[in-house]
Amino acid sequence: PYTTLFRSRLGLVAAFALLLLSGCRKAEPPLSGGKPVNHWVQVLKDENDPSLRKTAAFKLGNVGPTDPVVLPALTGALKDADANVRCEAILALVKCGPAAKEAVPALTEVQNQDRDAKVRSYAGKALEKLQ
């Protein structure tokens with residue numbers, strides 16, 4: 001009887017310890033394409049490869065506004081030298097939905113001043129969806 005009671009208490013203590021330890025673990029950073037969000041934020045700043053920057057914008061759009069670095073990174077990408085990257089950043093902002101309203105002033109500027117007609121068109125359509 002004593003050993004049975006001891007074993008059941010030991011089991012409860014072990015289960016409780018596991019529960020506590022599993023709750024104390026750091027949360028994993030959000031991933032997109034198997035890589036952390038910060039990876040894509042850094043790639044978005046890579047001056048050498050526009051196709052990688054375009055991919056980064058796409059991946060950040062998939063993460064959405066749940067990570068606080070996503071919207072500022074995508075808004076910054078609206079000034080990218082490559083029109084395809086700017087278009088992808090606009091699409092990614094639209095994917096973020098109503099949370100991307102903070103990008104409306106930047107999108108308005110792009111719609112009015114971007115040198116590329118396609119980018120201006122994308123910005124106009126994005127503004128319609130976000131406002």
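## Overall make-up

What percentage of the 131 residues of the protein chain count as buried? The figure is 34%, where buried means under 20% relative accessible area, exposed means over 50%, and partly exposed lies in between (1.4 Å probe, protein chains only). This is a predicted model, in which local features need pLDDT of at least 70 and side-chain atom pairs count only at pLDDT 80 or more, while totals for chains, interfaces and linings use all residues. Residues are numbered from 1 along each chain as its sequence is written, and side-chain values use heavy atoms, with hydrogens and water left out.

The protein chain has seven helices and two strands, arranged along the sequence as α-β-β-α-α-α-α-α-α. Helices (H or I, at least four residues) and strands (E, at least two) are DSSP runs, numbered from the N terminus.

## Surface and contacts

Contact means heavy atoms within 4.5 Å. Among contacts between residues at least 6 apart in sequence, 55% join residues at least 24 apart.

## Helices α5 and α7

Two packed helices are described by the angle between their axes and the distance between the axes. Helix α5 (residues 83–95) and helix α7 (residues 117–130) have axes that come within 9 Å and cross at roughly 5°. Axes are lines fitted to C-alpha atoms, for helices over the stretch in contact, and angles run from 0 to 180 degrees between N-to-C directions. The two helices are therefore roughly parallel to each other, a label for angles under 35 degrees.

Residues making the contact include Cys87, Ile90 and Leu91 of α5 and Tyr122, Ala123 and Ala126 of α7.

## Arginine 53

Arginine 53 is found in helix α3 (residues 50–63). Because its relative accessibility is 6%, arginine 53 counts as buried. Leaving aside neighbours within four places in sequence, arginine 53 is in contact with residues including Val43, Leu44, Asp80 and Val85.

The side chains of arginine 53 and aspartate 80 are joined by a polar contact of 2.7 Å. A polar contact is a pair of N or O atoms within 3.5 Å; within protein, one must be able to donate a hydrogen and the other to accept it, and residues adjacent in sequence count only if both atoms are side-chain atoms.

## Alanine 81

Alanine 81 is found in the loop between α4 (70–76) and α5. With a relative accessible area of 65%, alanine 81 is exposed. Not counting residues up to four places away in sequence, alanine 81 touches Arg86 and Arg115.

Definitions and conventions: Angles under 35 degrees count as roughly parallel, over 145 as roughly antiparallel, 65 to 115 as roughly perpendicular and the rest as oblique.
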